[in-house]
Amino acid sequence: MQGTDVFYPAVIGLGQAARELLEENNVPFVLTDSDRVILMHQGYQFDFLRGAGSDPEVWSYCEGGGPDDVPKPSFARFTDWLQTHVTQQTEAWARLVPWYEAEKQEEPGERRLYFSRRHPDGSATDEL
């Protein structure tokens with residue numbers, strides 16, 4: 001989910017960013033005050049909760065310029081959206097683990113990748 005704002009506090013303000021994206025693209029769709037934007041990917045795509053209750057629908061929008069370029073329902077329930085993302089991320093991590101572990105065995109000057117962990121206070125811890 002690199003390039004995706006989905007965790008707190010990064011999600012604060014995504015509703016305004018989504019409204020601006022729709023306006024910028026002249027999309028004839030208005031987010032209601034009760035819609036909650038839960039994900040934005042690199043400023044061109046977002047997902048939001050629509051409806052009341054503990055397990056509302058998830059709608060999605062992706063900038064593209066086509067005539068049908070409006071937010072649409074993408075999951076009937078928030079729990080379906082969560083499960084799909086958990087499955088996708090688990091599968092992605094399973095493919096990355098062997099590469100990551102091999103990279104850790106390389107000498108620091110030979111590594112092709114560098115990681116750091118961002119903490120809620122904004123600080124970073126250097127890793128691999």
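View A. L96 is partly exposed, with a relative accessible area of 38%. The labels run as follows: buried is under 20% relative accessible area, exposed is over 50%, and partly exposed lies in between (1.4 Å probe, protein chains only). This is a predicted model, where local features need pLDDT of at least 70, side-chain atom pairs count only at pLDDT 80 or more, and totals for chains, interfaces and linings use all residues. Residues are numbered from 1 along each chain as its sequence is written, and side-chain values use heavy atoms, with hydrogens and water left out. L96 belongs to helix α2 (residues 78–105). Helices (H or I, at least four residues) and strands (E, at least two) are DSSP runs, numbered from the N terminus. Together, W93, L96 and W99 make a nonpolar surface patch of about 320 Å². Patch residues have over 30% relative accessible area and no salt bridge; like charges are joined within 9 Å, and nonpolar side chains (Val, Leu, Ile, Met, Phe, Trp, Tyr) within 5 Å. Accessible areas come from the Shrake-Rupley method with a 1.4 Å probe.

**View B. A patch of negative charge lies on the surface.** Its members are E20, E23, E24 and E63. Asp and Glu count as negative, and the charge of Glu is placed at CD. E23 is in helix α1 (residues 14–24). E23 is exposed, at 65% relative accessible area.

**View C. L39 is a buried residue of strand β2.** The strand covers residues 36–41. L39 has 5% relative accessibility. Which residues does L39 contact, leaving aside neighbours within four places in sequence? Among them are M1, V6, L14, F46 and W81. Contact means heavy atoms within 4.5 Å. L39 and F7 are 32 residues apart in sequence, with their C-alpha atoms 8.1 Å apart.

**View D. R50 and D35 form a salt bridge.** A salt bridge is a side-chain nitrogen of Lys or Arg within 4 Å of a carboxyl oxygen of Asp or Glu. Here the N to O distance is 2.7 Å. The pair links distant parts of the chain: R50 is in strand β3 (residues 45–50), and D35 is in the loop between α1 and β2. D35 is buried, at 8% relative accessible area.

**View E. D55, R77 and D80 join in one salt-bridge network.** R77 meets D55 at 3.6 Å, N to O. R77 also bridges to D80, with the closest N and O atoms 3.0 Å apart. R77 is partly exposed at 40%, D55 at 24% and D80 at 27%.
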